[in-house]
Amino acid sequence: MKHLFGFFVAFALALTGVGFTGCSDDKVEDEILPPPVVEPSFEVKLGTVSINDAEITLTTAAIPEYAYIVAEADAQAPSATTIYATGKVESLTDGVNKLNITGLEAVTEYTVYFAYKVEDQFADVVDLDFTTTNYTELFTITDLGPDYISFHIEVSADTYYKIAMSDWMIAKSMSEQFGTSDFDFIPTGLMYKGPQTITYKHGEVVDPDVDPEWAYYWEIMPGQCFRLMIAECDEEGNCGEVDYEADEDNRIKWYGFQQTEKVSAGDAIPSQYSVNVELTSLTTRSVEIYIEPDEEIAGYGCLFGTKPEIDSYIEEVGEKGMQAMALNGLLNTLSGVEPGLYAWDKVLLEGIEYSFITVGLEEDITKQIMVRTDFTPIQATMPAPVVVVTHIDNPEGENSAFKTWFNIKAPNGDAAKALYVFNTKSEWTKILNQGATYMDVLDLYGQDLGSAGAEMVNSSEGLNIAFDTEEETEFVLVVGLVNSEETMGEGHCETTSLSDTPDAPVNSSLFTDLLGDWTATATNTAGKEFVFKVTIADGVEPGPETCPEEVYALYPNKTREEVQALFAEYKALVITTNAKYKGKNRLVCRGFQVDPYASSYYDRMDYLSPWDLFIHENYSAVATKNLFVDYGPKWFLQIADGDVVTVPTDPIRIPILNNWSNPMYLMGYRSTGSYTSETNTPDFPVTVSEDKETITINPYVDGDKTFYPAVYYSLNGYMTALFRGNAPIVLKRGYDEPEVTANMKARRSYRTDELRTNVKAPVLGKMIKLDLGSPRLTAKRVDMSAAPLAGERLSQNAKALAEKLARANR
């Protein structure tokens, strides 16, 4: 009964309590229960294992972090304290966590040791064993870091191969501009033998076997995207050959395997410092951007382009790859960094969105920060200036065939800036036929006349301006005037320069005594001797008497009558050209074969006559008379009274060597240091032996300066030396024609593919210095063949690399 009574009492009390609670107005807080107790747990499970990687799953509870060490299986097991002190510490969340271990060696036994704490006390060390797999592919990435790339090549022990690597965008630009392929890169690469794991690291020498004075060093920036090319080769390093008789897709015959990979270095470590980028000025056509890096930023680089361009780069190399592109871009200050104003010197296009990428880096180049700024030019509110350009007579005296004058006016006086581009109509036609406009060319190549020039243009008299010109040549002066909003108006004027007047005739037997074939010997600064044929004549080759039947097929867009008219014009120009040579007391010398890079299939200094160009499938010209300027190589003997002979080189008064591929110029050259030189366009003195059997072209001496004959060519806005002499050129009478070989025939056939049908670099004009005190200004010929805005820096880098490859492959 005792227990039963207790039950009733408890029940009654419970009822009483319920009654009181229900009747009371007071509120009682809900009871807070303690959280459920979670027992600490730590479980590891092996996932996928590959050649260099292993995936591990950690299922944990009530453990905030852990540390781990990876060791080869035979290493001594470390203590938990050692693992935390020397290993890598990672945070944990309750549930499933993933760990990826990279950078492992193939076919290797590993043990991963894990340490963690329970209530601030180390638990027992947990270990996990696994073995990586073997290589099965030719190429395998083994590890990537911000400044290095590591990969494995799996081949048999006796297999030779070469590896070449280039920045991805530069290689792409070279392919688009020059047709450069893997076959061009591979010969410059490093040669290996057998299976190897290879690492290329920033700052390390590319080829340890090269003399340190001439060594190159790897340049690998975080995120940088590369084109890595691999090809099997023989013991001599030969990877393949070119069959020039085959079609273009089948010309290259590789000797073995060949593979190309797209590889990017690891990501940059985010910098804790910053770079402030602000737009300080934005108009219809220009932008100024202020850049201020933190003091701890050691350098910064910038990349500018339209937003679609930048987005296309990102598609090619990835967001992280843009950082490397910016550091190799248009502005690269790697020391003494200070706040700077970046003024874009190209013209912005209306309605186009632009992107400006700025990347700052610390002394440790792997630590970087990137800032992207997008903007659109403002809309114009003012009308474009009116431009009036007029050809005028020489305001200072007699007119000349070699100087042409123009007047430029802004009738409304609203020109804040004046730009011009002057060149031959021939060059303009090639540019315009490619789809460009006068405004496009002004935007890219416009020469600023300065504040003084703009002030003269706004005056009632306007600005008088003169240019050096070749005789009887059509020219076009294009002028752009820009108002205060930077809206530009365009005007242009076409004119033809005058004919040069004949000189007083010279009475000399040399005009007949020197005619015929000669053997010339020239030596360059490297000691290489060139022996070639020179034919001295009193004019150009006449060509056939009547137009050959097969010529009509070379002009499919012209009627038979139109081709006959071209042929008649050609025959008339032969007579005119020969008369000009005679009127200037000159003999023409055909041939100047001094290309040090010539091969059995390629020689830029092969001689092509005007008739060769007339019937050439791959040569094009604006007018028939261009053939008589472009043919060559040709040069001249100027004969004066007393049998004084010189070789003139002034490209304004004397036709250049040739212009059927790259424009070639005969110039004077002298070395001024290890990597510096000086050039000019002198009249080289010539000595003719008494027996008329030897002709010597001597150097030109100007005080203590001695200039030897040299050949330079123009390509993409650059003048590059093809031949630099260091001795007189000697001609001996007579020439023994070599036997024509199959290779020589093939070379001429192959050369037809090399003749340029698009834009050629223009003939260089001399700069005329004019007096700013009167309404006239300095003027010069503008080279319109340089790389355009899009990818401009890439084009320059690609050109430099292309020339390096070409030298290495010869």
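Four strands form an open sheet in the order β29-β28-β31-β32, and their pairing is antiparallel. The edges of this sheet are β29 (447–448) and β32 (488–496), each of which pairs on one side only. The model is a predicted one. Strand β28 (residues 417–424) is joined to β29 by 2 bridges, and these two strands run antiparallel. Within that pairing, Y420 has Q447 in β29 as its bridge partner. Helix α6 (residues 425–433) packs on the sheet, where it touches β28, β31 (474–482) and β32. The direction of α6 makes about 105 degrees with that of β28.

Strands of a sheet pair through backbone hydrogen bonds, in either a parallel or an antiparallel sense. A second case of the antiparallel sense is the pairing of strand β21 (residues 299–306) with strand β24 (residues 354–361), which extends over 8 bridges. In this pairing F304 stands opposite F356 in β24. Is β21 buried or exposed? Of its 8 residues, 8 are buried, so the strand is largely enclosed by the rest of the structure.

The next element is a helix pair. Two packed helices are described by the angle between their axes and by the distance between those axes. Helix α3 (residues 168–178) packs against helix α5 (residues 307–327) at an angle of about 130 degrees, and the two axes are 10 Å apart. On the α3 side the contact involves W168, M169 and K172, which meet Y313, E316, V317 and M325 in α5. By class, the residues of this contact comprise 5 nonpolar, no polar and 2 charged.

One of the pairings is that of strand β36 (residues 634–640) with strand β37 (residues 644–648), antiparallel over 3 bridges. There, Q638 has T646 in β37 as its bridge partner.

Helix α9 (residues 510–513) contains F511. Why does F511 count as buried? Its relative accessible area is 18%, and the cut-off for buried is under 20%. Apart from neighbours within four places in sequence, F511 is in contact with V506, N585, R586, L587 and I639.

Some totals describe the chain as a whole. Its secondary structure comes to 14 helices and 46 strands. The chain has 810 residues, and 45% of them count as buried. Among contacts in the chain with a separation of 6 or more, 72% are between residues 24 or more positions apart. The accessible surface of the chain comes to about 40600 Å², and carbon and sulfur atoms account for 50% of that surface.

How values were computed: Residues are numbered from 1 along each chain as its sequence is written. This is a predicted model: local features need pLDDT of at least 70, side-chain atom pairs count only at pLDDT 80 or more; totals for chains, interfaces and linings use all residues. Side-chain values use heavy atoms; hydrogens and water are left out. Two strands pair if DSSP finds at least two bridges between them. Axes are lines fitted to C-alpha atoms, for helices over the stretch in contact, and angles run from 0 to 180 degrees between N-to-C directions. Contact means heavy atoms within 4.5 Å. Ala, Val, Leu, Ile, Met, Phe, Trp, Tyr, Cys and Pro count as nonpolar, Asp, Glu, Lys and Arg as charged, and the others, Gly among them, as polar. Buried means under 20% relative accessible area, exposed over 50%, partly exposed in between (1.4 Å probe, protein chains only). Accessible areas come from the Shrake-Rupley method with a 1.4 Å probe; for residues, only the protein chains shown count as cover.
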